[in-house]
Amino acid sequence: MDKAKLHTPDLTKENIEKIAKLFPSCVTEALSEHGKIERKIDFDQLRQELSNHIVEGPQERYRLDWPGKSEALLAANAPIAKTLRPCREESVDFDTTQNLYIEGDNLEALKLLQETYLGQVKMIYIDPPYNTGNDFIYDDDFAESTEEYLEKSKQTDHEEGRLVANTESNGRFHSDWLSMMYSRLKLAKNLLKDNGVIFISMDDSEFSNLRKVCDEVFGETNFYSSFVWRRRTGSMDSVNNVSTDHEYVLCYGKTAHKLRGIPRTFEKYSNPDKDKRGPWILDNLSASKPGGDTYYPIVDPDSGNEFYPPEGRYWPYNSETMQRKIAEKRIIFPKKTDGTPLLKRFKNEAKSLVVPISSLGTDIKSKSANAFITSLNSAGTKEIKELFGSKVFTFPKPLRLFYSLINQSVDDRGIILDFYSGSATTAHAVMQLNAEDGGNRRYIMVQLPEACNEDSEAYKAGYKTIAEIGKERIRRAAKKIREEHPETSENLDLGFRVLKIDSSNLNNIKQTPDQAKQDELDFQIEHIKPDRTPEDLVFQIMLDWGVDLALPIASETIQSKTVYFVGSDAIAACFDAEITEEFVKELAQRQPLRAVFRDSSFNSDTVKINVGEIFKLLSPGTEVKTL
């Protein structure tokens, strides 16, 4: 039931709508006098529409602008006081897996991954909100300064309120969506290898804007393709009698490299006449456009029959070159005069061993030699139902789409990132391909624990958040892969390490002793939060040093102290109290690349001072830090 307006009509708003119908290009989004983004009229543009001469106005330039773009860039660059906390109970094969599932805001996740995976990711795939007027987007807060951001180290990490509906009635409809994408794409680019690529699924709603944003972030010269994917076969209701049955998969590279293409099979080549030049195939001997001396008769030297190019076409060679081809027995003439000569093309003359992939997606039954193979969206729904027994996730992408994307961009190893992972189809596809071809590809999934609607099948099935669905899908997919591929799954990585974004493990102490209150003294003495474990601290150190978050972590006891070794010798961390010089000497003899201690752990100031000297003497290559 609609509520009573209790106010007179907003005539300004109505006038804007009238102008929008007459001159759509004159409606824009701008800051109001109260600092809010609203729909406005671009009066310079309106004056130009109503004038028959050039109207003076702001300097024109080629760029995509929107209110909030500068704030989005600031948000991408601003530091955050966050960390990743391990969650063993939700992980699978925590100690051995190379795969990561990060739960939390993807903007924060991308920032946390910058140090560790800078230039390490081979492929990124994302399926962001489409901005149709019903989707939810991230409500990034651009208002606070960097200092305020850092001072939040004591904040709780509730996710409520991070997603807001971006309805068309919102004055920031396009601006909010663009700001959300801009900051994330800027960070994502840093993670790609030089020959890495990013694939972005999108419909028509923001496709043109997404192209412009990606041109700015990745560069126009690094645009690969807009793959057209037909996602449905039945018509949909439409007010304009157009059924939109397709989506796009936009592809850009970090730099100007290329996709793998489709390997040529040469299966139709043969050598029935035992030609010494090897296997051959008959090919078309005509061209659609003239190129000088390209329309003339050619004569079969055996029969004397004369042939012209097919109607409306031309020979591909001038007469001199054509005579040479005939002499080399490269032209096969038909027996009848109404036939068409053909070219004998040899396998060893192939310019490339691959066929360029088509930008048009087709289903698996396609006969096209260069088809981009996908499935309909209904296949994704069917795959979810097969795993869960019900439709716990709406509109999941089909696995076949991911097989094609991964095969075009990643060899048998490499890191694949999806920071809008949803039901984790990307992770499922990576594991499936590894099982089929013996590859060792890794994945990093990022998903906000977005609450499931209480009326949804997912909620009724016991899944409270989208992240819970994603993690459970990986578990179920792994079980299915083991059953279907028992011969290869024994050594296959079907696990994942769950890491959850949280506030920093360290208290943010800024007060001087005389400023502290009596009940705050304990907080001032111990700068590590009381609810944090040694393993929490290990992962913060891994982030700080940029160490691979999938490295194995083992604990050992040395002189009654617990020491955590990351990747054998990448990091040695001890957070126990009463650290002595004898302990430090024994640890230094292990010669780890890095060593870290709690700042308050040493049993005396002398030991703390001597730690650096001990490592310089026994393990000069070790970098030493304290928390």
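1. The first thing to trace in this model is an open sheet of nine strands, whose order is S3-S22-S4-S21-S20-S5-S8-S10-S9 and whose pairing is mixed. Strand S3 (82-86) and strand S9 (223-230) stand at its edges, and because each has a single partner strand, one side of each is left without a neighbour in the sheet. If direction is ignored, neighbouring strands of this sheet are turned against each other by 20 degrees on average. Please keep in mind, here and in every point below, that the model is predicted.

2. Strand S20 (residues 413-418) and strand S21 (residues 440-447) run parallel and are joined by six bridges. To find your place in the pair, look for Leu417, which stands opposite Ile444 in S21.

3. Helix H10 (residues 399-409) touches strand S5 (121-126), strand S8 (192-202), strand S10 (246-253), S20 and S21, and the direction of helix H10 makes about 155 degrees with that of S5. Helix H11 (residues 425-437) also packs on the sheet, where its contacts are with S5, S20 and S21, and the direction of helix H11 makes about 170 degrees with that of S21.

4. A further open sheet has five strands in the order S23-S24-S25-S26-S27, again with mixed pairing. Its edge strands are strand S23 (553-558) and S27, each of which pairs on one side only. From one strand to the next, the twist averages 20 degrees.

5. Strand S26 (residues 594-597) has a parallel partner on either hand, as the pairings show: three bridges join strand S25 (residues 571-574) to S26, and four bridges join S26 to strand S27 (residues 623-626).

6. Which residues does Leu187 touch, once its neighbours within four places in sequence are left aside? The contacts of Leu187 are with Ala76, Leu107, Leu110, Lys111 and Gln114. Leu187 belongs to helix H6 (residues 173-191), and its relative accessibility is 5%, so Leu187 counts as buried, the limit being under 20%. Leu187 and Leu118 are 69 residues apart along the chain, and their C-alpha atoms are separated by 9.7 Å.

7. The cysteines deserve a careful word. A disulfide is a covalent bond between the sulfur atoms of two cysteines. A search of the whole structure finds zero disulfides. Two cysteines can be described individually: Cys87 counts as buried because its relative accessibility is 7%, and Cys251 counts as buried because its relative accessibility is 0%.

8. Most residues other than glycine have a negative phi. Lys329, although it is not a glycine, has a positive phi of about 60 degrees, and Gln559, which is not a glycine either, has a positive phi of about 50 degrees. Lys329 is placed in the loop between helix H8 (319-327) and strand S15 (331-332), whereas Gln559 lies in the loop between S23 and strand S24 (561-566). Are these residues buried or exposed? Lys329 has a relative accessible area of 62% and is therefore exposed, while Gln559, with a relative accessible area of 37%, is partly exposed.

9. The protein has 17 helices and 27 strands, and of its 627 residues, 48% count as buried. Among the contacts in the protein with a separation of 6 or more, 71% are accounted for by residues 24 or more positions apart. The protein exposes about 33600 Å², and carbon and sulfur atoms supply 49% of that area.

How values were computed: Residues are numbered from 1 along each chain as its sequence is written. This is a predicted model: local features need pLDDT of at least 70, side-chain atom pairs count only at pLDDT 80 or more; totals for chains, interfaces and linings use all residues. Side-chain values use heavy atoms; hydrogens and water are left out. Two strands pair if DSSP finds at least two bridges between them. Helices (H or I, at least four residues) and strands (E, at least two) are DSSP runs, numbered from the N terminus. Buried means under 20% relative accessible area, exposed over 50%, partly exposed in between (1.4 Å probe, protein chains only). Contact means heavy atoms within 4.5 Å. Accessible areas come from the Shrake-Rupley method with a 1.4 Å probe; for residues, only the protein chains shown count as cover. Axes are lines fitted to C-alpha atoms, for helices over the stretch in contact, and angles run from 0 to 180 degrees between N-to-C directions. A disulfide is a pair of cysteine sulfur atoms within 2.5 Å.
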